[in-house]
Amino acid sequence: MDLPRVLMMLQRLTAASLLLGLLLLTACAEPDPRDSFAETGECVECDLKAEDLSEQDLSNAVLNRADLSDANLSQANLSEALLDSADLSRANLSGAILEKAALPSANLTEADLADANLSGAFLRNTDFTNANLTNADLSNADLNGATLEGAILDGANLQGAMLPDGTTQN
């Protein structure tokens with residue numbers, strides 16, 4: 001065989017090997033958890049930053065440790081959803097339904113929760129620093145250990161809620 005022909009064969013083999021390697025890496029890569037979210041309702045540690053999920057039915061969703069910062073969840077149904085340690089900073093949750101949702105240790109700093117329904121929600125150690133809770137329904141919610149520094153609570157319903165200091169609002 002002549003040298004140019006050998007070099008051409010080596011080039012083709014190298015290109016084929018690279019292509020095969022890429023295909024194998026793609027097949028072995030972990031799937032994006034967002035791909036099955038619509039089907040399973042589960043998206044643990046998902047990056048949903050700044051996503052528009054307004055008016056979506058996310059009831060019973062599992063979004064533990066998800067990044068939902070700057071997301072639009074206005075009018076979304078998150079009843080009985082699990083959002084343990086989720087980042088909802090600056091999220092728009094105005095008018096959202098979070099009835100009996102669990103958000104322990106969630107970050108809701110500067111979130112808009114105006115007119116949201118958080119009745120019976122589990123909000124222990126949740127950070128509501130500078131959040132807007134105007135007219136929010138927090139009745140029977142568990143806010144034990146929550147941070148409410150700078151939060152706007154005008155018109156909020158706290159009837160039967162366990163407050164950050166462990167006392168119950170009558």
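A residue is called buried under 20% relative accessible area, exposed over 50%, and partly exposed in between (1.4 Å probe, protein chains only). The model is predicted: local features need pLDDT of at least 70, side-chain atom pairs count only at pLDDT 80 or more, and totals for chains, interfaces and linings use all residues. Residues are numbered from 1 along each chain as its sequence is written, and side-chain values use heavy atoms, with hydrogens and water left out.

The chain has 170 residues, and 36% of them count as buried. Its secondary structure consists of two helices and zero strands. Helices (H or I, at least four residues) and strands (E, at least two) are DSSP runs, numbered from the N terminus. Helix 2 spans 37-40. The accessible surface is about 9,600 Å², and carbon and sulfur atoms contribute 50% of it. These areas come from the Shrake-Rupley method with a 1.4 Å probe; for residues, only the protein chains shown count as cover. Contacts were also examined by sequence separation. Among contacts with a separation of 6 or more, 1% join residues 24 or more positions apart. A contact here means heavy atoms within 4.5 Å.

The largest nonpolar core holds 42 residues. Such a core is a set of buried Ala, Val, Leu, Ile, Met, Phe, Trp, Tyr and Cys residues joined through side-chain atoms within 4.5 Å. The residues with the most contacts inside it are L63, L88, L93, L98, L113 and L118. L73 lies in the segment after helix 2 and is buried, at 2% relative accessibility. With neighbours within four places in sequence set aside, L73 is in contact with L53, S54, L58, L78, L88, N92, L93 and A96. L73 and L113 are 40 residues apart in sequence, and their C-alpha atoms are 9.7 Å apart in space.

Two serines were also examined in the segment after helix 2. S89 is buried, with a relative accessible area of 3%. Its side chain makes a polar contact with the side chain of R90 (3.4 Å). A polar contact is a pair of N or O atoms within 3.5 Å; within protein, one must be able to donate a hydrogen and the other to accept it, and residues adjacent in sequence count only if both atoms are side-chain atoms. S89 also touches S69, D70, N107, L108 and T109, not counting residues up to four places away in sequence. The side chain of S54 makes a polar contact with that of D52 (2.7 Å).

One disulfide is found in the whole structure. The term covers a pair of cysteine sulfur atoms within 2.5 Å. C43 is joined to C46, with an S to S distance of 1.5 Å. The torsion about the S-S bond is about -85 degrees, so the disulfide is left-handed. C43 is buried at 0% relative accessible area, and C46 is buried at 3%.

The structure holds three salt bridges. Each is a side-chain nitrogen of Lys or Arg within 4 Å of a carboxyl oxygen of Asp or Glu. E45 pairs with R65 (3.0 Å, N to O). E45 is exposed at 54%, whereas R65 is partly exposed at 43%. D70 meets R90 (2.9 Å, N to O). This pair ties together parts that are 20 residues apart in sequence. D70 is partly exposed at 32%, and R90 is partly exposed at 41%. D142 meets R124 (2.7 Å, N to O). D142 is buried at 13%, while R124 is partly exposed at 30%.
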